[in-house]
Amino acid sequence: MDAETLYQTRSAAYLGRVKQQFNRALTISLCWVAVLLAVFLMQDRLFATRPLAIQPQKIEGLIGVLTAPLMHGSFEHLASNAFAILILGTIAGSLFPRASRAALPVVWIGSGLGTWFISLGGNHIGASGVTVGLMFFLIAQGLRRRDRMSLTGLMLALFFFGGMVLSVLPQEAGVSWEYHLSGAMVGFVCGLAFAGRDERAPERLYSWDLEPETDDADTELQLEKPQDVPVLWHRPDARGGDNVVPFRRPDS
């Protein structure tokens with residue numbers, strides 16, 4: 001099998017797996033969007049929102065680390081986060097299924113704990129910590145792996161949500177930049193730490209990549225060992241003593 005045929009075969013198999021992973025990731029992301037919508041319709045009707053929000057530096061506010069990403073303050077807030085989860089979750093699950101499964105719970109918990117520690121007050125709710133975490137997870141994957149598919153995922157994430165990069169800075173009142181910053185830091189670290197868990201896209205092979213390596217050229221360039229070099233000249237035996245050649249002093 002020549003190099004081009006082997007490359008095409010491997011690429012077709014890899015793209016087939018990515019397609020299966022895309023269908024699975026899209027389904028899971030849609031399910032998450034449905035859960036967020038259901039919780040939004042129930043909050044403030046079946047349960048109060050404030051006790052389940054992240055309340056910084058309060059022991060009772062730690063419950064929000066688990067529950068805050070499920071709740072939103074308005075339908076616009078829900079819609080923006082749901083769209084981000086749908087796009088970023090599908091990209092991450094399609095290209096990095098193993099890494100994203102390991103990173104998502106860490107980002108969920110880590111972004112909430114970071115907000116609880118660094119924020120100075122308020123009640124923090126929303127899935128923005130998770131979405132920003134997914135964004136920086138994809139950035140770290142692209143920078144660490146630097147293969148064709150990871151860079152494609154990075155460019156798609158920046159195309160749709162490039163503005164998230166600046167959301168880690170305090171810009172607008174009522175927007176939890178602490179949640180964004182915590183999610184970004186945890187997501188980026190997870191992207192670097194889990195970069196080797198998923199297979200890479202096949203690289204194009206060339207004919208010399210398939211040829212077996214030989215050491216003939218190296219053998220020809222190696223010098224022979226001293227004991228293997230033939231002796232062409234022997235030093236004369238000097239046991240008979242030294243010969244002294246007299247030199248006459250010139251007459252003064």
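Residues are numbered from 1 along each chain as its sequence is written, and side-chain values use heavy atoms, with hydrogens and water left out. Because the model is predicted, local features need pLDDT of at least 70 and side-chain atom pairs count only at pLDDT 80 or more, whereas totals for chains, interfaces and linings use all residues.

Helices are DSSP runs (H or I, at least four residues) numbered from the N terminus. Helix α5 comprises 18 residues, 128–145. Its first and last C-alpha atoms are 25 Å apart, close to the expected 26 Å, a span defined as 1.5 Å times one less than the number of residues. Of the 18 residues of α5, 16 are buried (under 20% relative accessible area; exposed is over 50%, partly exposed in between; 1.4 Å probe, protein chains only). Arginine 146, which follows α5, has a positive phi near 55 degrees.

Glycine 174 is located in the loop between α6 (148–161) and α7 (177–193). With a relative accessible area of 87%, glycine 174 is exposed. Its C-alpha atom lies 9.3 Å from that of histidine 124, 50 residues away along the chain.

A nonpolar surface patch of about 720 Å² is formed by Ile59, Leu62, Ile63, Leu66, Ile109, Leu113, Phe117 and Ile118. Patch residues have over 30% relative accessible area and no salt bridge, and nonpolar side chains (Val, Leu, Ile, Met, Phe, Trp, Tyr) are joined within 5 Å, like charges within 9 Å. A salt bridge places a side-chain nitrogen of Lys or Arg within 4 Å of a carboxyl oxygen of Asp or Glu. Areas come from the Shrake-Rupley method with a 1.4 Å probe; for residues, only the protein chains shown count as cover. Helix α4 (residues 97–118) contributes the largest share of the patch, 4 residues. Isoleucine 63 is situated in the loop between α1 (3–42) and α2 (64–67) and is partly exposed, at 40% relative accessibility.

Terms used
Helices (H or I, at least four residues) and strands (E, at least two) are DSSP runs, numbered from the N terminus.
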